[in-house]
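Hi everyone, thanks for coming. I'd like to walk you through one protein model today, so please have a look at it while I talk.

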Amino acid sequence: TRAQRRILKSVSCPPTVSHSQITRLFSRFTSLDKSENGALSREDFQRIPELAINPLGDRIINFPCFSSRLSEDQVNFRGFMRTLAHFRPIEDNEKSKDPREPEPLNSRNNKLLFAFRLYDLDKDDKISREELLQVLRMMVGVNISDEQLGSIADRTIQEADQDGDSSISFTEFQKVLEKVDVEQKMSIRFLH
């Protein structure tokens, strides 16, 4: 339809995303849009299998990167594309980008920032022991005692905290994860 073509033209995507890939994503978007109003609700997102089984799925769904919100509870196609862009694998030709261009949403730094913000519940740019405990509880449920979780949180903060403020800053978070293949672990091949 004309509306679909207009939406597809208005979505800015990295040059490695083809028109046919955008069309396939739009098809997936419309299949999730049960109310057929051009927006996805929280319930629509919960039907995505990768999010439904993820213990942090609710945090991802509520993540502020849904920048093209129609309302507090709905995301349009542009917001859908923007969110999924964080999880695109980094292709070899993207690694040698021109440094004058803005960093892509799926860069290592942006993936780390996305993960950091999932833990930073109060949005104060630090992960406190309490925030770490809350996210760990979301991830493991009742499979580990509160005492064990507390021990994990304490050790994590002790190992990551370099400035002695008993919390983890983004710089400290980056340092802890410098040897982790974040690009691979935070990638979903949704276009293949």
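Predicted model: local features only at pLDDT ≥ 70, side-chain atom pairs only at ≥ 80, totals over all residues.

Among the elements, strand β2, residues 69-71, has the lowest mean at 47, while strand β5, residues 168-169, has the highest at 97. There's also a stretch, residues 7-15, where pLDDT is below 50, and in the model it has 15 contacts beyond near neighbours in sequence. Residues 65-70 stay under 50 as well, with 22 contacts beyond four places in sequence.

Okay, the overall make-up. The chain has 12 helices and 5 strands. Of its 192 residues, 39% are buried. And if you take contacts between residues at least 6 apart in sequence, 53% of them join residues at least 24 apart.

Now a pair of helices. Two packed helices are described by the angle between their axes and the distance between the axes. Helix α2, residues 19-32, packs with helix α6, residues 77-85, at an angle of about 115 degrees, and their axes are 11 Å apart. The crossing of α2 and α6 is right-handed. Which residues meet there? From α2 we have Ile-22, Leu-25, Phe-26, Phe-29 and Leu-32, and from α6 we have Phe-77, Phe-80, Met-81 and Leu-84. When you look at those numbers, remember that an α-helix has 3.6 residues a turn, so residues three or four places apart point the same way.

Next, what does the record say? The UniProt annotation, from an unreviewed entry, puts "domain: EF-hand" on residues 107-142 and 148-183. In the model, residues 107-142 are 67% helix and 6% strand, with the end C-alpha atoms 34 Å apart. Residues 148-183 come out at 61% helix and 6% strand, and there the end C-alpha atoms are 29 Å apart.

Let's zoom in on helix α9, residues 129-140. Which residues of α9 are buried? Those are Glu-131, Leu-132, Leu-133, Val-135 and Leu-136. The buried residues of α9 pack against α8 (108-119), β4 (126-127) and α10 (146-160). Just after α9 comes Gly-141, which has a positive phi of about 65 degrees.

Last part: two single residues. Ser-169 sits in strand β5. Is Ser-169 buried or exposed? Its relative accessible area is 16%, and the cut-off for buried is under 20%, so Ser-169 counts as buried. Leaving aside neighbours within four places in sequence, Ser-169 touches Phe-116 and Asp-125.

The other one is Asn-109, in helix α8. Asn-109 has 25% relative accessibility, so it counts as partly exposed. With neighbours within four places left out again, Asn-109 is in contact with Glu-103, Phe-170 and Gln-174. Take Gln-174: it is 65 residues from Asn-109 along the chain, yet their C-alpha atoms are separated by 8.2 Å.

Note on methods: Residues numbered from 1 in each chain as written. Heavy atoms only, no water. Buried < 20%, exposed > 50% of the residue type's maximum accessible area, 1.4 Å probe, protein only. Helix = DSSP H or I, 4+ residues; strand = E, 2+ residues; numbered from the N terminus. Contact = heavy atoms within 4.5 Å. pLDDT = per-residue confidence, 0-100. UniProt positions renumbered as here; feature names shortened; annotations may be inferred. Axes fitted to C-alpha atoms, helices over the stretch in contact; angles between N-to-C directions. Left-handed = near helix turned anticlockwise from the far one by under 90°.
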